[in-house]
Amino acid sequence: MPDPTSPAHNNQLSLDNPVDRYPKISPPKQDQPEPGLDAKLEPQADHGEQSYVGTGRLKGRKALITGGDSGIGAAVAIAFAREGADVAIAYLPAEEEDAQKIISVIQQEGRTAVALPGDLLESNYRNELVDQAAKELGGLDILVNNAGKQIAVEQIEDLSDEQVLETFQVNILAMFTLSKAALKYLPEGASIINTTSVQAYEPSPVLLDYASTKAAINAFTKGLATQLAPRGIRVNAVAPGPIWTPLQVSDGQPKDKLPKFGHNVPLGRAGQPVELAAAYVFLASPESSYVVGETLNVNGGRSTP
Ligand code: NAD
Ligand code: MG
């Protein structure tokens with residue numbers, strides 16, 4: 001199988017066929033405890049380490065990205081740094097190995113990298129995270145609410161109240177806390193970007209709690225965008241389709257689905273995290289100044305409302 005970390009193209013700006021820009025992967029059945037690690041993902045995913053080229057679109061900006069250690073958040077962290085931003089990443093302590101790799105990529109760009117490990121289920125951490133990020137970055141003008149919990153459960157009778165509460169806490173309730181805290185720091189022109197999902201419109205029967213949070217994130221994004229637009233702060237969302245990340249192998253999908261993960265989209269393959277990065281860069285950058293309350297779908301061609 002071709003190595004997805006060695007893309008056929010040179011960078012995100014190369015013109016090539018999106019069908020085979022990255023290989024159609026058939027991941028072997030694999031299991032990691034939650035949270036999964038990119039370091040152990042098979043095959044490895046592409047976060048743009050070798051392929052994302054910056055063009056100065058976020059020069060001097062200061063960003064906090066939750067779940068910035070791995071998957072989509074890691075690709076966003078690398079892209080933001082290459083675009084000239086200083087970046088704080090939040091992640092679970094168990095993800096230190098993944099986080100350190102991303103921290104060193106950010107530092108290699110000559111940007112400030114801030115590591116903020118902790119659990120969004122803990123109120124102290126949740127309530128202090130934004131203050132900590134703003135303190136260490138010397139301000140804040142981009143908040144990316146991207147951390148997510150996804151555990152597939154076949155039947156609702158087996159879905160515990162505890163799991164439902166935790167999924168809501170990490171995926172959507174934390175967005176209220178962090179967005180509210182960020183307003184103390186966000187200047188006019190700042191951006192909040194929330195990660196939602198194609199699951200908001202096409203809920204999988206095994207992801208009832210997860211899909212419900214993603215629909216809530218869409219409503220939260222549009223409502224908050226309307227509220228904050230007159231204050232000069234833009235709120236938008238990105239809705240990924242099937243992207244190859246550790247979320248999928250730490251019980252995010254039933255194991256027998258992994259070999260065909262992402263094969264059912266019009267492009268015929270799963271997306272790589274780096275393919276999401278430009279969407280976040282666009283929404284963070286002033287070039288999207290008239291884009292407010294939008295959900296940018298990056299899903300390989302699945303139809304959306
Ligand atoms: P990922 O596992 O790399 O990232 C999820 C991150 O969430 C973890 O790295 C972890 O740091 C963070 N997280 C989870 N529980 C936490 C907790 N209790 N406290 C603090 N942080 C916690 O996987 P990903 O796929 O890159 O996920 C990023 C976002 O993308 C999530 O919101 C996910 O729902 C969304 N998404 C992913 C896909 C996909 O196919 N991979 C599709 C649609 C949406
Ligand atoms: Mg992770």
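Predicted model: local features only at pLDDT ≥ 70, side-chain atom pairs only at ≥ 80, totals over all residues.
Residues are numbered from 1 along each chain as its sequence is written, chains are lettered from A and ligands numbered from 1 in the order in which they are written, and side-chain values use heavy atoms, with hydrogens and water left out. Local features need pLDDT of at least 70 and side-chain atom pairs count only at pLDDT 80 or more, whereas totals for chains, interfaces and linings use all residues.

The magnesium ion (ligand 2) is coordinated at 2.1 to 2.2 Å by Asp-69 (OD), Ser-70 (OG) and Glu-95 (OE). Donors are N, O and S atoms within 2.8 Å of the metal (3.2 Å for Na, K and Ca); water is not among the atoms, so sites may look incomplete. Along the chain, the donors of this ion follow the spacing D-S-x24-E. Asp-69 lies in the loop between β1 (62-66) and α1 (71-82), and Glu-95 lies in the loop between β2 (86-91) and α2 (96-108), so that the pair, 26 residues apart, links distant parts of the chain. Helices (H or I, at least four residues) and strands (E, at least two) are DSSP runs, numbered from the N terminus. Both Asp-69 and Glu-95 are buried, where buried means under 20% relative accessible area, exposed over 50%, and partly exposed in between (1.4 Å probe, protein chains only).

Helix α1 also takes part in a helix contact. The axes of α1 and helix α6 (residues 274-284) come within 8 Å and cross at roughly 55°. Axes are lines fitted to C-alpha atoms, for helices over the stretch in contact, with angles running from 0 to 180 degrees between N-to-C directions. The two helices, α1 and α6, are therefore oblique to each other; angles under 35 degrees count as roughly parallel, over 145 as roughly antiparallel, 65 to 115 as roughly perpendicular and the rest as oblique. Their crossing is right-handed, that is, the near helix is turned clockwise from the far one by less than a right angle. Ile-72, Ala-75, Val-76, Ala-79 and Phe-80 in α1 meet Val-274, Leu-276, Ala-277, Tyr-280, Val-281 and Ala-284 in α6, contact being defined as heavy atoms within 4.5 Å. This contact has 11 nonpolar, no polar and no charged residues. Ala, Val, Leu, Ile, Met, Phe, Trp, Tyr, Cys and Pro count as nonpolar, Asp, Glu, Lys and Arg as charged, and the others, Gly among them, as polar.

Helix α3 (residues 123-137) and helix α4 (residues 161-182) have axes that come within 9 Å and cross at roughly 45°. That angle makes α3 oblique to α4, and the crossing is right-handed. In α3, Arg-126, Asn-127, Leu-129 and Val-130 meet Gln-169, Ala-174, Thr-177, Leu-178, Ala-181 and Ala-182 in α4. The residues of this contact divide into 6 nonpolar, 3 polar and 1 charged.

Thr-245 is placed in the loop between β6 (234-240) and α6. At 7% relative accessibility, Thr-245 counts as buried. Apart from neighbours within four places in sequence, Thr-245 is in contact with Leu-41, Gly-71, Ile-72 and Pro-273. Asp-251 is also found in the loop between β6 and α6. Although not a glycine, Asp-251 has a positive phi of about 70°, and at 36% relative accessibility Asp-251 counts as partly exposed.

Two cis peptide bonds were also identified. The bond from Glu-34 to Pro-35 is cis, with omega near -5°, and the bond from Glu-42 to Pro-43 is cis, with omega near -5°. Pro-35 is found in the segment before β1, and Pro-43 is placed in the segment before β1.
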